[in-house]
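Here is a quick tour of a protein chain for anyone just getting started with structures. Take a moment to turn the model around before reading on.

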Amino acid sequence: MTDIQPLTLITPTAAMSAGVHGGRAKCLQRLVRLDMPVPMTVALSFDTVRSIAQGHMPDMNALLAPFGEQPFLSVRPSSLDPDWGGPSAVLNVGMNDARHARLSADIGVEAATAIYLRFVQSYAVHVARLDPDEFFLPDVADADSLKAMLDTYEFETDEPFPQDASVQLAEVLRSMARAWDGTTARLLRQAKGAPIDAGLGLVVQAMAMGVGQGECGSGVIEFVDATSGLPKIVGRYLSQSQGRETIRDAEGAMYLNRDDRGPSLEERCPDVFAQLLVFGDLARKKLREEMQIKFTIEHGVLRILDAIRVQRSSRATVRIAVALANDGIIPREEAVMRVEPAALSELLHRQVDPRAKRDLIVRGIAASPGASAGRIVLTAAEAQASAARGEPCVLVRRETTPEDIRGMHAAQAVLTMRGGVTSHAAVIGRGLGLPCVVGASDLSIDRKKGVISGPDGRKFTAGDLITVDGTTGQILAGEAPMHEAALDGAFQTLLEWADDYRDIGVRANADTPADAQAARNFAAEGIGLCRTEHMFFEGDRLGVMREMIFAEGSDDRRAVLDRLLPMQRDDFEALFTIMAGKNVCVRLFDPPLHEFLPSDKAGMRDLAEQLALPMPEVTERVNALTEYNPMLGMRGVRLGIAIPEIYDMQARAIFDAMVAVGKAGVDISVEIMIPLVSAMREVELVKTRVDGVANAVRAKSKTALNYRLGVMVETPRAALRAQDIAGHAEFLSFGTNDLTQMTYGLSRDDAGRFMSAYVQQGVYAEDPFHTLDVEGVGELVALGAERGRMGRKDVILSICGEHAGSRTAIAFCREHKFDYVSCSPFRVPVARLTAAQLAIASKVKS
């Protein structure tokens, strides 16, 4: 916009812009255009305020001219985004001895003196930067207290309190401009997302005090409940009627509606109340937002001082956006864009009441959102026992292993001393929708004594109540007050609109029927990753799995696996039935075998008893399976090739389940994924065996089997050799957890110990296990995708690591034309909304 003046009188046609004068100034112009009774206002541009901060004052005569010979003013900040903060407003500029005398005659000495005292205090503290302790408001607003404060000002500054409105205003402007440029203010607003060069505008407005004869007062009014988002008239009104209630002691006179303090504003001043309702509706329709209106009443006449966007909860944000779109005030795509995806995450889980006091024990890494309280338990068995008694518990471990899954299912929340955002506890917690905090390394745990100790020396024993806040990473003593999850009609409506705009698929990572049901409830388009090994830790299966590990030869292993076959088949039948009509991607067995074996002597004794083997033989076998680096050892496809009976059993269970659900009328498309591939020959070997099992089941059942076989790309070599691999794989799903681990040479379970120091010192911009490293890992993924398409034009591409639900990963996948992302079930709504927002934004740019 051109020809914008440093001082702009706000009129309907004035040349103004929020990017030049700030949001408050532009909003005031909109109110003026709506014929609302806004007091005379002059806006100072960002450049003008910068000049003031550098000591160059504007033409004060020109600034004061619109306000007449005896100006009485307020000054308020006007940044581009009100959330960036700014200096406090300064009211009653122009208050001096002469005005005090006139006001005393109009509204009474006490009320006039109270106004003067407040201005002197505000000016002394915020403008002259004097000690606040020297300028406290007295209990009685009289001539003596006013003289005392004016004398104190003169003593502290060696000059009398300024009586000239021009001088007062100039100093107020200078003070506010310099406050915005202060180091602390700059850091605070940058933390809220403001750019380093964010500007500040100022608005100078004629004071509308709301005091005097007749009905007078000031207040704010909103037309929606800020917590629920439902229509509701709320606010407050501070009556100053007849001067009988002074500014200082009128706290008890705040009301909009009738209560025990007297008649409501509607009853006292029905015409004004009716005007406010009209203005509220007008602001909603024309400003396209739910607004809080600040107003005063003088002699029964309404003045509108300002209107700002109603601060609201996540639940209200969704409801308000949907309501505005349903009423035709904003288009649906704008409603989708107005809701931060993180707001949906809050609605999916219980949250600690933001107003509650927090007794912080320790802070860890926020690994799975939501909050829950329970009694401390230190083992999975104790968690199961606690659940059986109906007592909520929190499972506290140094780190979790697959053996802890049953305990995690039983617990209300999980806390670990070790691990990062892709550790076992974090991944399972997100899949279960279970609040989880990991990497709380400042805690120590003594399992023998059943005690955990905080960094401040406090000790908590098993059975003590704690609260895990997986949204913030905080562990709190006791049971904190909670807000319940809120999945209402507006939530569903918003996501349905989001689905109309997004251009990439969203699936869920689901390992059990319960996970699959959650995925279905959140409208996932299928399952992009089913980690079948998690099924082996349920019920009696762990014991059978251990028998298989101790089996001597192929025939013995097959005999044991035949006992697991019906269990796994039942799991797949349930999974396929829930996901009827959807795609389900089943990853074959991945983890090293040692994860299924006990690591302590007590566990080994139980295992020896179960297997009827001598303790030394069990110990020797466990030690033989121990690897120096098991995550890079005998796992994934390597197990499938070295011990092919495992994959044979799993393939048979998958195909048998497909036949069974097919006979029941369930349509299902299955994808079988080979994990940890690094060579084409691995795919050939596994594919041959899987196809062989499929042919056998097909021949026996006389049933067609709709399945595809693909690869989980999680080693750098697989990405580099994707062209060869894609020749034998119909899909490539990039597992960015392990790919990040191997690309960086970082353990995803241990990186949390030092990652914060790395991020703070700028080694990495973000934790690469939390945010996809587009430059490094992303280049490997992009290269793998490009080469995969060279090997098979129609290869299906996806990301199924824990990054998949993040904005960075979804944007990356859209850029490289991936087919879908797959994330934890409780991140599916967030991913759906994020994908829609990225698609809408890309259309706006193009």
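## The whole chain

Of the 846 residues in the protein chain, 55% count as buried. Keep in mind that this is a predicted model.

## A sheet of four strands

Now look for an open sheet with four strands in the order β7-β6-β8-β9, paired antiparallel. Which strands sit at the edges? They are β7 (231-239) and β9 (301-309), and each of these pairs on one side only. On average, neighbouring strands in the sheet are turned by 20° against each other, direction ignored.

Zoom in on β8 (residues 291-298), which runs antiparallel to β9 and is joined to β9 by eight bridges. One place to look is Met 291, whose bridge partner in β9 is Arg 309. There is a helix here too: α2 (residues 23-33) lies across β8 and β9 and runs at about 135° to β9.

Next, find helix α18 (residues 489-501) and helix α33 (residues 828-845). Their axes come within 8 Å and cross at roughly 45°. The crossing of α18 past α33 is left-handed.

Who does the touching? On the α18 side, the contact is made by Phe 491, Leu 494, Leu 495, Glu 496, Ala 498, Asp 499 and Tyr 501. On the α33 side, you'll find Pro 829, Arg 832, Leu 833, Ala 836, Ala 839 and Ile 840. Sorted by class, this contact has 10 nonpolar residues, three charged ones and no polar ones.

As for the spacing, an α-helix has 3.6 residues a turn, so residues three or four places apart point the same way.

## A covered helix

Last stop: helix α29 (residues 736-744). Which of its residues are buried? They are Thr 736, Asn 737, Asp 738, Leu 739, Thr 740 and Gln 741. The cover over these buried residues includes the strands β27 (707-713), β28 (731-734) and β29 (796-799), along with the helices α27 (716-720) and α31 (777-791).

After α29 comes Gly 745, which has a positive phi, near 70°.

Definitions and conventions: Residues are numbered from 1 along each chain as its sequence is written. This is a predicted model: local features need pLDDT of at least 70, side-chain atom pairs count only at pLDDT 80 or more; totals for chains, interfaces and linings use all residues. Side-chain values use heavy atoms; hydrogens and water are left out. Axes are lines fitted to C-alpha atoms, for helices over the stretch in contact, and angles run from 0 to 180 degrees between N-to-C directions. Helices (H or I, at least four residues) and strands (E, at least two) are DSSP runs, numbered from the N terminus. A crossing is left-handed if the near helix is turned anticlockwise from the far one by less than a right angle, and right-handed if clockwise. Contact means heavy atoms within 4.5 Å. Ala, Val, Leu, Ile, Met, Phe, Trp, Tyr, Cys and Pro count as nonpolar, Asp, Glu, Lys and Arg as charged, and the others, Gly among them, as polar. Buried means under 20% relative accessible area, exposed over 50%, partly exposed in between (1.4 Å probe, protein chains only). Two strands pair if DSSP finds at least two bridges between them.
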